[in-house]
Amino acid sequence: MTTLKSKGFTLVELVVVIGIVAILASIAYPSYTDYMANARRADAKNAILTLASYQERFHSDNGFYGSIMDLTGAATLMSDDGKYTMTIACTPNPACTAGSRSQQYLITATALVPDAKCGSYTYDQSGNIVLLGATENVAYCW
């Protein structure tokens, strides 16, 4: 009598492997999403600090702060990776026109992909950072 050798996996082996993969995925996915969120936040910080340095250079040359058009030549501005829209408001005239000779500005980075932990950022000429719609504090997000 001859015996047949079966080739392949048993159902139990397959279920064990699927279980292990599911456990690893449940651990890895939250880490991946946190990593991606931190990368988006770095994009916002970079864009804010770049605009702030442009503002200071513009103020040094002109004696007042300028609009995004004055600083970059574009009417609207996105962060480098396109994850945030950037706006600038000035005081006393929010449009930052030359006639108003603005001495204060507020840069806002609004997240295009919602960020429940850090929301959107504002940054003023004194370096004050405020988070809009955030559940975490500035130290965690900045």
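**Exercises on contacts and aromatic pairs**

In the chain, 42% of the contacts (heavy atoms within 4.5 Å) between residues at least 6 apart in sequence join residues at least 24 apart. The model is predicted, with local features needing pLDDT of at least 70, side-chain atom pairs counting only at pLDDT 80 or more, and totals for chains, interfaces and linings using all residues. Residues are numbered from 1 along each chain as its sequence is written, and side-chain values use heavy atoms, without hydrogens and water.

**Exercise 1.** Determine how the rings of Tyr65 and Tyr105 are arranged.

*Solution.* A pair of aromatic rings is described by the distance of the centres and the angle of the planes. Rings of Phe, Tyr and Trp (its six-membered ring) pair if their centres lie within 6.5 Å; planes under 30 degrees apart are stacked, over 60 edge-to-face, and the rest tilted. The structure holds five such pairs. For Tyr65 and Tyr105 the centres are 4.7 Å apart and the planes stand at 70 degrees, so the pair is edge-to-face. Tyr65 lies in the loop between α1 (11–62) and α2 (68–72), and Tyr105 in strand β3 (residues 104–111), 40 residues apart.

**Exercise 2.** State whether Tyr65 and Tyr105 are buried or exposed.

*Solution.* Buried means under 20% relative accessible area, exposed over 50%, and partly exposed in between (1.4 Å probe, protein chains only). Tyr65 has 6%, so Tyr65 is buried. Tyr105 has 4%, so Tyr105 is buried.

**Exercise 3.** Classify the aromatic pair of Tyr84 and Tyr121.

*Solution.* The centres lie 6.3 Å apart with 55 degrees between the planes, and the pair is tilted. Ring pairs also join Tyr84 and Tyr121 with Tyr123 and Trp142 in a cluster.

How values were computed
Helix = DSSP H or I, 4+ residues; strand = E, 2+ residues; numbered from the N terminus.
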